[in-house]
Amino acid sequence: MAHRLRPVGLEFIDVAPVRLVFAQEASASPEAVFHALNDDVPGWAEWFAAVTHAQPLDDGAGRDIRLKGGGRFRETVIASKEAEVYAYRVDVTNAPGARALAEEWRLVPAGTGTRVQWTFAADGTAPFRFAVKAARAGLGRAFRDAVVSLDRRLAHQG
């Protein structure tokens with residue numbers, strides 16, 4: 001059953017009760033990574049294995065995301081600064097116990113490539129917060145695999 005979450009801004013990334021932060025190097029430039037995140041939302045299903053459907057909404061101001069296992073998210077983009085940051089909050093989800101969710105993709109030049117840092121920020125019921133913390137290893141692996149897959153995809157496009 002879908003429910004509406006508390007609307008949060010970019011500051012939530014730094015103050016959320018649960019924050020999971022992961023980083024991975026990519027050989028693609030920050031500009032190329034940013035364009036894949038921001039401009040090719042449907043492409044997320046091609047390189048992020050957990051994503052089965054990704055569709056931009058409201059001329060790119062929002063996103064409809066579906067995950068393997070049945071997770072559904074209606075999101076609003078809260079930051080989109082070329083080659084630096086792409087972030088969104090979840091407005092509606094079917095994840096039980098969630099009260100607020102936001103994710104930030106921060107891009108930092110690293111040699112000729114990019115250091116991609118992903119922060120998953122969450123608030124919810126105690127069982128929800130416990131589940132998110134317990135999922136740390138799996139979320140980290142999914143993120144690292146996604147960045148490697150995205151990097152391969154961008155290398156083939158370039």
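R63 lies over the face of W44, 4.3 Å from the ring centre. The charged end of R63 also sits over the ring of Y88, at 4.1 Å from its centre. A charge counts as over a ring if NZ of Lys or CZ of Arg is within 6 Å of the ring centre and within 35 degrees of the ring normal. The model is predicted: local features need pLDDT of at least 70, side-chain atom pairs count only at pLDDT 80 or more, and totals for chains, interfaces and linings use all residues. Residues are numbered from 1 along each chain as its sequence is written, and side-chain values use heavy atoms, with hydrogens and water left out.

The ring centres of W44 and Y88 are 6.2 Å apart and the planes stand at 75°, so the pair is edge-to-face. This pair links distant parts of the chain: W44 is in helix 3 and Y88 in strand 6 (residues 85–93), 44 residues apart. Helices (H or I, at least four residues) and strands (E, at least two) are DSSP runs, numbered from the N terminus. W44 counts as buried because its relative accessibility is 2%. Y88 is likewise buried, at 2%. Buried means under 20% relative accessible area, exposed over 50%, and partly exposed in between (1.4 Å probe, protein chains only).

The structure holds 15 aromatic pairs. W44 and W47 form a tilted one, 4.9 Å centre to centre with 40° between the planes. Both residues lie in helix 3 (residues 44–47), 3 residues apart, so about one helical turn separates them. Rings of Phe, Tyr and Trp (its six-membered ring) pair if their centres lie within 6.5 Å; planes under 30 degrees apart count as stacked, over 60 as edge-to-face and the rest as tilted. One aromatic cluster includes W44, W47, Y88, W105 and F143.

Two further sites were examined. I13 is in helix 1 (residues 12–15). At 2% relative accessibility, I13 is buried. I13 and A121 are 108 residues apart in sequence, yet 5.4 Å apart in space, C-alpha to C-alpha. Beyond four places in sequence, the contacts of I13 (heavy atoms within 4.5 Å) are R19, A102, E103, E104, T119 and A121.

D123 is in strand 8 (residues 113–124). D123 is buried, with a relative accessible area of 13%. Its side chain makes a polar contact with the side chain of R6 at 3.4 Å. Such a contact is a pair of N or O atoms within 3.5 Å; within protein, one must be able to donate a hydrogen and the other to accept it, and residues adjacent in sequence count only if both atoms are side-chain atoms. Leaving out residues up to four places away, D123 touches R6, F12, P17, G97, A98, R99, A100, F128 and R129.
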